[in-house]
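Reader: Hi, I have just opened this one and would like to be walked through it. Could you show me the structure before we talk?
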Amino acid sequence: MEKIETKFSSISDENPCYIIAEIGSNHNGNFDLACEMIEKASEAGVNAVKFQTFKASNHYSKNTKKISLYEEDIYSLIEKLEINRSWHKKLSKVCYQKRLDFLDSPCDDEAIDIAIKVDMPLIKVSSFDMVDDRLIRRISNTGRGIVFSSGMANMSEIENAINISRSCNNHKIAVLQCTSIYPAPYSIVNLNSMETIKKAFNVIVGYSDHTLGDHISCAAVAMGAKIIEKHFTLNRDFKGPDHSFAIEYNELKDMVNKIRDIEIGMGDGIKNGPRHEEMEFYRNARRSVIAKRNIKKGQVIKDEDLIVKRPNYGIHPKFLSVIIGRKAKVEIIEDEPVTWEKI
């Protein structure tokens, strides 16, 4: 798999998880709110923020049936959520000043052109759009890193999207496991599919999280996710389809901290005894061979003369059978450690 370099981060199995705060449409058409969300996302410690750029007329047919999750018809809802495309240049500057990557899910050619103009390092293809071969080819030909969300997709569809990108000589690919329902129930999250995708296609994998809370994202990182995307809002009580299941600022900050703690906690996999920080307990709280009663000089040591207990000042307990039958070179007082020098 090929490492993906962004403006301010590197994404690979050897690098820390790349965390995306998905602002999406939660700016509610308010530029100042969008800027405030970028500010808060930066303070929370994420690597990137992401928006969504679409036009209802290119996105949905007006004949689309009502989706039960929403009160109004989907076309009207999407029309209200369209981002003002003149914002992108300004928003990208706000991001870059804070050393945040500015990302987007562009849903048409004009949106892709804007992504290139603002020097977007990474372009996202949403789960609903990853079956659009022309869109994938257009994005792949930009040469930017490409991230596929794979909600609802089968392995054949994922393979097709990846093959299109590779046929455009773009190998900077990541695939995110995703469940396309809002919020997503834990029972269909299927984090194990990340490993399935990684093994099948040799790509960077991650998780786009629509569940409530942050524990599934944290679990995904422990399982090898190198990208986490999480919907973000300043207030879950705001009106809009994606606020209710998003995480707020304090929760986002907490999630980032947890992920970084998990990464540190994963360690190097080497198991070779106590670490430096454990040495005090290693010496004072681990078991070793101790005299159970007074042992005279020259006495043959018997099993009943010994006990294995803390601290670790005596001989390792695995040598108990070796000690038994030896003679004491010196007097060993009850509760003293039995050391090799004494026998």
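Author: What follows is a conversation about the overall form, the open spaces, and a few single residues.

Reader: What kind of model is this, and how are residues numbered?

Author: This is a predicted model, in which local features need pLDDT of at least 70 and side-chain atom pairs count only at pLDDT 80 or more, while totals for chains, interfaces and linings use all residues. Residues are numbered from 1 along each chain as its sequence is written, and side-chain values use heavy atoms, with hydrogens and water left out.

Reader: OK, how many helices and strands does the protein have?

Author: The protein has 12 helices and 12 strands, where helices (H or I, at least four residues) and strands (E, at least two) are DSSP runs numbered from the N terminus.

Reader: How much of the protein is buried?

Author: Buried residues make up 47% of the 343 residues, with buried meaning under 20% relative accessible area, exposed over 50%, and partly exposed in between (1.4 Å probe, protein chains only).

Reader: Now the open spaces: what lies nearest the centre of the largest pocket?

Author: Gln52, Tyr70, Phe128, Tyr182 and Asp242 lie nearest the centre of the largest pocket, and they belong to a lining of 32 residues. About 650 Å³ of space lies in this pocket. On a 1 Å grid over the protein atoms alone, a pocket is an open set of points with protein on both sides within 12 Å along at least five of seven lines, a cavity is a set of points where a 1.4 Å probe fits but cannot get out, and lining residues have an atom within 4 Å of a point. Grid points are joined across faces, edges and corners, and a volume is the space filled by probe spheres set on the points.

Reader: Which element gives the most to that pocket's lining?

Author: Helix 3 gives the most to the lining of the largest pocket, with four residues, and strand 4 (48–53) and strand 10 (227–231) each supply at least two. By class, this lining has 15 nonpolar, 11 polar and six charged residues, where Ala, Val, Leu, Ile, Met, Phe, Trp, Tyr, Cys and Pro count as nonpolar, Asp, Glu, Lys and Arg as charged, and the others, Gly among them, as polar.

Reader: What about the second largest pocket, how much space lies in it?

Author: About 310 Å³ lies in the second largest pocket, and the residues lining it include Tyr70, Glu71, Lys80, Tyr182 and Pro241.

Reader: How many cavities of 30 Å³ or more does the search find?

Author: The search of the whole structure finds one, with about 40 Å³ of space in the largest cavity. Strand 6 gives the most to its lining, with three residues, and the lining residues include Leu122, Ile123, Lys124 and Val147.

Reader: Staying with strand 6, is Val125 buried or exposed?

Author: Val125, which is found in strand 6, counts as buried at 1% relative accessibility. Not counting residues up to four places away in sequence, Val125 touches Met130, Ile139, Ile146, Val147, Phe148 and Ser149, where contact means heavy atoms within 4.5 Å.

Reader: Changing topic, how many disulfides are there?

Author: The search of the whole structure finds zero disulfides, a disulfide being a pair of cysteine sulfur atoms within 2.5 Å. Cys35 is in no disulfide, and the nearest cysteine sulfur, that of Cys95, is 8.6 Å away. Cys35 is buried, with a relative accessible area of 19%.

Reader: Last one: which peptide bonds are cis?

Author: The peptide bond from Tyr182 to Pro183 is cis, with omega near -5°, and Pro183 is found in the loop between strand 8 (173–178) and helix 8. The bond from Arg310 to Pro311 is also cis, with omega near 10°, and Pro311 has its place in the loop between strand 12 (306–309) and helix 12 (320–323).
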